[in-house]
Amino acid sequence: MSTQLNGSAPTSELPSTKDMRFAIVTASWNSHITHALRDSAIATLKNAGVANEDIETFDVPGAIELTFAASQLIEASRFDAVIVIGCVIRGGTSHFDYVCQSVTQGITMLNADCDIPVIFGVLTVDNEQDALDRAGGKFGNKGTEAANAAILMADFSRRTN
């Protein structure tokens, strides 16, 4: 199976989601954006055949907390993949850089060290319009892309273990 590298939908059908379980952790900060991403991810998983009871959602205050939540969900060993969803919008201070670096490095470390894939569904954008464009606007919905990646990586993990 091949997928396009430009971030669009897979070029072929997704693998079977039979018996797969997914966790979605959503940052509450910028919730008008993160909830749109989360809702799209849920719809995508359901459209791929994942049952309601095999999708669990969790909320955390902000993007920094996504790494801890994902770590705890990995420890629980109940999921085939964890999707983290957040939105960090550049402001007038260096806070943006610290938050983006922290969450990116944290999720990268979890993916390198753990047996359950963590999918990075965190928008890091210059302004609110950039985020809206990626949460159902002119650039689609990155929540859909995160859900597709979760299915593909859960399948990859199953095939390699």
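Student: Hi! Where is serine 157 found?

Tutor: Serine 157 is found in helix H5. Keep in mind as we go that this is a predicted model.

Student: Okay. Is serine 157 buried or exposed?

Tutor: Serine 157 has a relative accessible area of 14%, and buried means under 20%, so serine 157 counts as buried.

Student: And what does serine 157 touch?

Tutor: Leaving out residues up to four places away in sequence, serine 157 touches Asp115 and Pro117.

Student: Which residues of H5 are buried?

Tutor: They are Gly143, Ala146, Ala147, Asn148, Ala150, Ile151, Ala154, Asp155 and Ser157.

Student: What covers those buried residues of H5?

Tutor: The cover includes strand S1 (22-27), helix H1 (31-47), strand S3 (81-89), strand S4 (118-125) and strand S6 (140-141).

Student: Which residue caps the N-terminal end of H5?

Tutor: That is asparagine 141, with a side-chain oxygen 2.7 Å from the backbone nitrogen of glycine 143. Asparagine 141 itself is found in strand S6.

Student: Is asparagine 141 buried or exposed?

Tutor: Asparagine 141 is buried, with a relative accessible area of 14%.

Student: What else does the side chain of asparagine 141 do?

Tutor: A polar contact of 3.5 Å joins it to the side chain of serine 40. Apart from residues up to four places away in sequence, asparagine 141 touches Ala36, Leu37, Ser40, Arg134, Ala135 and Gly136.

Student: How far is asparagine 141 from alanine 76?

Tutor: Their C-alpha atoms are separated by 29 Å, and the two residues are 65 residues apart along the chain.

Student: Let me zoom out. How many helices and strands are there?

Tutor: The secondary structure comes to 5 helices and 6 strands. Starting at the N terminus, the elements run β-α-β-α-β-α-β-α-β-β-α.

Student: How does the radius of gyration look for 161 residues?

Tutor: A compact globule with 161 residues would have a radius of gyration near 15 Å, and the protein has 15 Å, so the two agree. The C-alpha trace spans about 45 × 35 × 30 Å along its principal axes.

Student: What share of the residues is buried?

Tutor: Of the 161 residues, 43% count as buried. As for the surface, the protein exposes about 8400 Å², with carbon and sulfur atoms supplying 51% of it.

Student: What about contacts between residues 24 or more positions apart?

Tutor: They account for 76% of the contacts with a separation of 6 or more.

Student: Now the cysteines. How many disulfides does the structure hold?

Tutor: The structure holds 0 disulfides.

Student: Switching to the strands, where is valine 118?

Tutor: Valine 118 is found in strand S4, and at 4% relative accessibility valine 118 counts as buried. Among the residues that valine 118 touches are Ala70, Ile74, Val82, Val84 and Ile107.

Student: And threonine 26, buried or exposed?

Tutor: Threonine 26 counts as buried, at 0% relative accessibility. Its place is in strand S1, and its contacts include Thr34, His35, Arg38, Phe58 and Ile85.

Student: Last one: which residues have a positive phi although they are not a glycine?

Tutor: Aspartate 19 is one of them, with a phi of about 65°, and asparagine 30 is another, with about 60°.

Student: Where do aspartate 19 and asparagine 30 lie?

Tutor: Aspartate 19 is in the segment before S1 and is exposed, with a relative accessible area of 58%. Asparagine 30 lies in the loop between S1 and H1 and is buried, with a relative accessible area of 17%.

Definitions and conventions
Residues are numbered from 1 along each chain as its sequence is written. This is a predicted model: local features need pLDDT of at least 70, side-chain atom pairs count only at pLDDT 80 or more; totals for chains, interfaces and linings use all residues. Side-chain values use heavy atoms; hydrogens and water are left out. Buried means under 20% relative accessible area, exposed over 50%, partly exposed in between (1.4 Å probe, protein chains only). Helices (H or I, at least four residues) and strands (E, at least two) are DSSP runs, numbered from the N terminus. Contact means heavy atoms within 4.5 Å. A polar contact is a pair of N or O atoms within 3.5 Å; within protein, one must be able to donate a hydrogen and the other to accept it, and residues adjacent in sequence count only if both atoms are side-chain atoms. The radius of gyration is taken over C-alpha atoms; the globule rule is 2.2 Å times the number of residues to the power 0.38. Accessible areas come from the Shrake-Rupley method with a 1.4 Å probe; for residues, only the protein chains shown count as cover. A disulfide is a pair of cysteine sulfur atoms within 2.5 Å.
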